[in-house]
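Let's take a look at some charged side chains and who they pair up with. Have the sequence and the 3D view ready as you read.

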Amino acid sequence: MTTRHIVTTAGLALALLAGQGTLAAPPADPAERRVQQARELARQAQAALQQARQERDSLQAAGAAAQAEQQVLAERLAAAESRARGTQARDREALATTQAELARLREELAAERQARGQQQARAEEALAAARQELQAQRQVAASVTALLERSTTALARAEQANRELHTLGLQAVDAYTRRTPEAMRAHDEPFLGLGKVALQDEADRLRQALDAQRVSR
């Protein structure tokens, strides 16, 4: 319903009420009575019109205020939607960045684990090789120790045999220079004792040769 309809309806209602009130009044001069009724109807219509205009102005002001408020709300809604879209965009971007960073960290962690695994494998291989080398060195050391012990024992026996041989050689040289026929003839040779000297020289040579072959520590 428009403002004009409201004013017209209100004016007619007031006019009917005023007419009923006037008709109920005591009769008077017909001309005067009609003039009074016309004036009362005009006054009432004017009052109804004024009230309708006030109501229209109030409705228009309320409508303008409502429209302004609606505009403000629309602007606020648009701003909120814009902020929400911006926030969503930033959130999506932050989420994408976080996911990319997480993927990169996972790749780095996998690479680090693989590298550590390889290093551990190489370390275990090196440790196993070192243990084998140590075991081999221990075996070699044991072999060398056993060989050294055998060599020491053999050398001791050889030294003992050499000393015995040297003693026997000296005894043989001494016997050669004293008891052999050549020694006897050299001792008995009357001419300058040259045979005895030659025999003594030969004995000295034999002793030196025996001394040179003797093993000593």
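Is Glu40 buried, partly exposed or exposed? With 25% relative accessibility, Glu40 is partly exposed, a label for anything between buried (under 20% relative accessible area) and exposed (over 50%), using a 1.4 Å probe and protein chains only.

Keep in mind that this is a predicted model, where local features need pLDDT of at least 70, side-chain atom pairs count only at pLDDT 80 or more, and totals for chains, interfaces and linings use all residues. Residues are numbered from 1 along each chain as its sequence is written, and side-chain values use heavy atoms, with hydrogens and water left out.

**Salt bridges overall**
- A salt bridge here means a side-chain nitrogen of Lys or Arg within 4 Å of a carboxyl oxygen of Asp or Glu.
- Counting that way gives 5 salt bridges.

**Pairs in helix H2**
- Glu40 partners with Arg43 in a salt bridge, with the closest N and O atoms 2.2 Å apart.
- Those two, Arg43 and Glu40, sit 3 residues apart in helix H2 (residues 30–179), so about one helical turn separates them.
- Helices are DSSP runs of H or I with at least four residues, numbered from the N terminus.
- Arg104 and Glu108 form a salt bridge too, their closest N and O atoms being 2.4 Å apart.
- Both lie in helix H2, 4 residues apart, which is about one turn.
- Glu108 is partly exposed at 42%, and Arg104 is partly exposed at 34%.
- Glu101 joins Arg104 and Glu108 in a network of salt bridges.

**Neighbours in the numbering**
- Arg56 and Asp57 form a salt bridge, with the closest N and O atoms 3.4 Å apart.
- Arg56 is partly exposed at 29%, and Asp57 is partly exposed at 39%.
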